Amino acid sequence: MYQIRQKLTSAFISTLRPQLLIHPTTTTLTFNRNMSASGSYNVVHDPAGQQFYLDIEGERAKLEYTLKDGVYDLYHTFTPTSCRGKGIAKVLAYNAFDHVVLSGGKMKLTCSYLLHLHEKEQNPKYIPHVYGESL
């Protein structure tokens, strides 16, 4: 539901915190050519399928969730083996986190990767939106 257009450099790839530009349906990411995953990729939010996904190198990476009473249960991330280690799961995570923040919802981090990412980075923008965390 939001579009992000960001050129990622090798130094920036470790944080992968794209800037949000409000635009319906698609998120566009442009990777620096020095990275192994070069090119332009679309992160799509599919509310009907309750997922964010990214088609890369002919395969699909995804973050799945359920939504009930304004709480997004972010329960599963998947990155194809050939795409691992390129920061793709982190891109999907921040896309989902930003969506929850902008929608005014809460998120329950059932996926172990997402919980670890949140605990490691402790981004103050997301803390008030994590279900079970104090404000």
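Helices (DSSP runs of H or I, at least four residues) and strands (DSSP runs of E, at least two) are numbered from the N terminus. This is a predicted model, in which local features need pLDDT of at least 70, side-chain atom pairs count only at pLDDT 80 or more, and totals for chains, interfaces and linings use all residues. Residues are numbered from 1 along each chain as its sequence is written, and side-chain values use heavy atoms, with hydrogens and water left out.

The loop between β8 and α1 contains T81, and K86 lies in that loop too. Buried means under 20% relative accessible area, exposed over 50%, and partly exposed in between (1.4 Å probe, protein chains only).

| Residue | Relative accessible area | Class |
|---|---|---|
| T81 | 63% | exposed |
| K86 | 13% | buried |

The side chain of K86 makes a polar contact of 2.9 Å with that of E57. Such a contact is a pair of N or O atoms within 3.5 Å; within protein, one must be able to donate a hydrogen and the other to accept it, and residues adjacent in sequence count only if both atoms are side-chain atoms.

Just after α1, G104 has a positive phi of about 75°.

The largest nonpolar core has 25 residues, and those with the most contacts inside it include L92, F97 and M107. α1 gives the most to this core, with eight residues. A nonpolar core is a set of buried Ala, Val, Leu, Ile, Met, Phe, Trp, Tyr and Cys residues joined through side-chain atoms within 4.5 Å.
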